[in-house]
Amino acid sequence: MTRDLRTARTGAVLTFVLAGLLCGSMTVRIPALSDKLGLSEASIGVTLLVWGLGALVTMQSMRGVMARLGSRSVLRVGAPLCAVTLALLALAPTYPLLLGAAALFGMAFGAVDVAMNAQGSTVERAYGRPLMNGMHAGWCVGAISAGLFGTVAIAAGLSFTTHLIMVALVSLPVLVFVSRSYLPDPVLSEKAAAAGRRRMPPVVYLLGVIAFCAFMVEGTIADWNGLYLRDTLGAAEAVAALGYPVFEAGMLLGRLTGDRVRARFGARGMLVTAGLSTAATFAVVLSAPTALVAVGAMLLVGVAVATVSPMALSLAGGATANPGPAIAQTGAMGYAGLLLGPVIIGFVSHATTLRTALGLAVVLGVLIALAARFLPRPATPSAQEETRERELSMAA
């Protein structure tokens with residue numbers, strides 16, 4: 001294994017960590033943002049929606065960009081822009097300017113999200129073994145770090161503006177430095193590059209459905225688990241606040257071990273198992289007699305669903321000669337689930353009950369398992385690696 005390849009892997013992981021830190025830092029200081037500009041809950045909701053739509057619009061347009069430029073070029077521009085636009089968001093003095101900054105931050109993040117997954121796929125191919133779950137574990141580390149740093153910043157009395165500018169100033173030079181480690185994307189013929197801009201293989205859209213379901217589960221838990229623990233199970237505010245970090249801890253654990261499990265058992269079977277496990281563990285959350293039991297089950301839900309979206313993106317990257325456009329398509333479909341999930345839960349909850357609405361996460365887990373059954377067996381990295389080993393032995 002060459003030193004350059006190890007450096008590229010480290011650079012890709014650090015990009016995931018810093019992306020999680022930048023996004024998490026904004027999220028953790030939303031109450032302070034509300035106080036700074038005197039915003040209502042509805043105004044904060046619109047701000048987050050504008051951020052998410054900015055990201056989604058960029059993701060939808062990235063197929064052609066990735067086919068022409070590749071992940072390395074996009075990351076070298078987009079990652080530093082992510083830090084710059086976070087600083088703009090921190091400095092916004094009025095609500096209209098805040099919305100503009102949120103849109104720019106979302107657009108920069110959308111480009112980075114697609115490109116860093118494509119770079120992860122390029123590194124994964126160069127290594128010849130699964131690595132994507134470990135890279136997404138970097139995102140969890142960044143998000144958890146954002147929560148910890150946010151707690152320290154609040155305790156130290158740092159304002160929303162000061163805190164986010166500090167994060168941006170620390171992240172910007174690191175992202176510029178890391179950009180030197182990125183690998184070039186596979187060199188394609190003009191015909192193959194043009195195909196990446198036009199039409200994807202059907203399996204890419206199937207993987208997009210799987211990513212949609214997984215992201216929808218993650219978004220549902222992020223936005224609604226605290227309210228469920230407090231209002232439905234009667235938990236104290238402090239106990240209800242534990243649900244999401246416990247879920248994230250489970251995600252981190254699942255992703256740290258996911259690549260080894262995938263290399264041993266293959267992605268197809270692992271996705272089926274992950275889907276069924278997500279459904280079963282979330283059913284435990286919904287049937288839990290006490291909040292503490294539900295919080296403990298959140299850890300298991302995190303472990304179960306953690307590997308689904310990284311594997312879907314990894315398999316999409318391996319489905320075509322150029323991973324960028326395929327990952328852009330799958331990622332855009334997945335991110336739509338992250339945006340729509342909490343909204344759908346809100347409408348269903350209003351019409352029925354929150355417990356009934358959250359039952360959608362159980363259905364989504366089953367759908368992941370069913371969709372994974374239609375994936376072609378040769379698409380798994382295990383099969384690809386076996387084929388590669390046979391070719392190498394024949395060449396020898």
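Colleague: Trp-51 and Phe-105, are they buried or exposed?
Modeller: In this predicted model, both Trp-51 and Phe-105 are buried.

Colleague: And how do their two rings sit relative to each other, what distance and what angle?
Modeller: The ring centres of Trp-51 and Phe-105 are 6.2 Å apart and the planes stand at 45°, so the pair is classed as tilted.

Colleague: Which helices does that pair tie together?
Modeller: Trp-51 belongs to helix H3, residues 41-91, while Phe-105 belongs to helix H4, residues 95-127, so the pair ties together parts that are 54 residues apart in sequence.

Colleague: How many aromatic pairs does the structure hold?
Modeller: There are six aromatic pairs in the structure, and one of them is formed by Phe-109 and Trp-139, whose ring centres lie 5.8 Å apart with the planes at 50°, so that this pair is tilted.

Colleague: Where do Phe-109 and Trp-139 lie?
Modeller: Phe-109 is in helix H4 and Trp-139 is in helix H5, residues 132-155, so here the parts tied together are 30 residues apart in sequence.

Colleague: What about burial for Phe-109 and Trp-139?
Modeller: Phe-109 has a relative accessible area of 3%, and because buried means under 20%, Phe-109 is buried. Trp-139, with a relative accessible area of 22%, is partly exposed, because that value falls between the 20% and 50% limits.

Colleague: Which residues form the aromatic cluster?
Modeller: One aromatic cluster is formed by Trp-51, Phe-105, Phe-109, Trp-139 and Tyr-335.

Colleague: OK, on to the domains. Where are the bounds of domain 1 and domain 2, and how far apart are their C-alpha centres?
Modeller: The protein chain is divided into domain 1, covering 1-182, and domain 2, covering 200-377, and the C-alpha centres of domain 1 and domain 2 are 21 Å apart. Domain 1 puts 30 residues into the contact and domain 2 puts in 33 residues.

Colleague: How much area do domain 1 and domain 2 bury between them?
Modeller: Domain 1 and domain 2 bury about 2,500 Å² between them, with 64% of it on carbon and sulfur atoms. On the domain 1 side, the residues that lose the most area to domain 2 are Arg-63, Arg-125 and Asn-133, which together account for 28% of what that side buries.

Colleague: How many salt bridges are found across that interface?
Modeller: The rule finds one salt bridge across the interface of domain 1 and domain 2.

Colleague: And what does Glu-124 pair with?
Modeller: Glu-124 forms a salt bridge with Arg-262, and the closest N and O atoms of the two are 3.6 Å apart.

Colleague: What is Thr-122 in contact with, past its neighbours in sequence?
Modeller: Thr-122, which is placed in helix H4, is in contact with Leu-183, Pro-184, Asp-185, Pro-186 and Pro-323 once neighbours within four places in sequence are left aside. At 7% relative accessibility, Thr-122 counts as buried.

Colleague: Last one, Ile-368: where is its place, and what does Ile-368 touch?
Modeller: Ile-368 is placed in helix H16, residues 360-372, and counts as buried at 0% relative accessibility. Not counting residues up to four places away in sequence, Ile-368 touches Ile-210, Cys-213, Ala-214, Leu-271, Gly-275 and Val-308. From C-alpha to C-alpha, Ile-368 and Leu-271 are 7.2 Å apart in space, although they are 97 residues apart in sequence.

Key. Residues are numbered from 1 along each chain as its sequence is written. This is a predicted model: local features need pLDDT of at least 70, side-chain atom pairs count only at pLDDT 80 or more; totals for chains, interfaces and linings use all residues. Side-chain values use heavy atoms; hydrogens and water are left out. Rings of Phe, Tyr and Trp (its six-membered ring) pair if their centres lie within 6.5 Å; planes under 30 degrees apart count as stacked, over 60 as edge-to-face and the rest as tilted. Helices (H or I, at least four residues) and strands (E, at least two) are DSSP runs, numbered from the N terminus. Buried means under 20% relative accessible area, exposed over 50%, partly exposed in between (1.4 Å probe, protein chains only). Domain bounds come from an automatic or database domain assignment. Contact means heavy atoms within 4.5 Å. Buried area is the accessible area (1.4 Å probe) that two parts lose on being put together, summed over both. A salt bridge is a side-chain nitrogen of Lys or Arg within 4 Å of a carboxyl oxygen of Asp or Glu.
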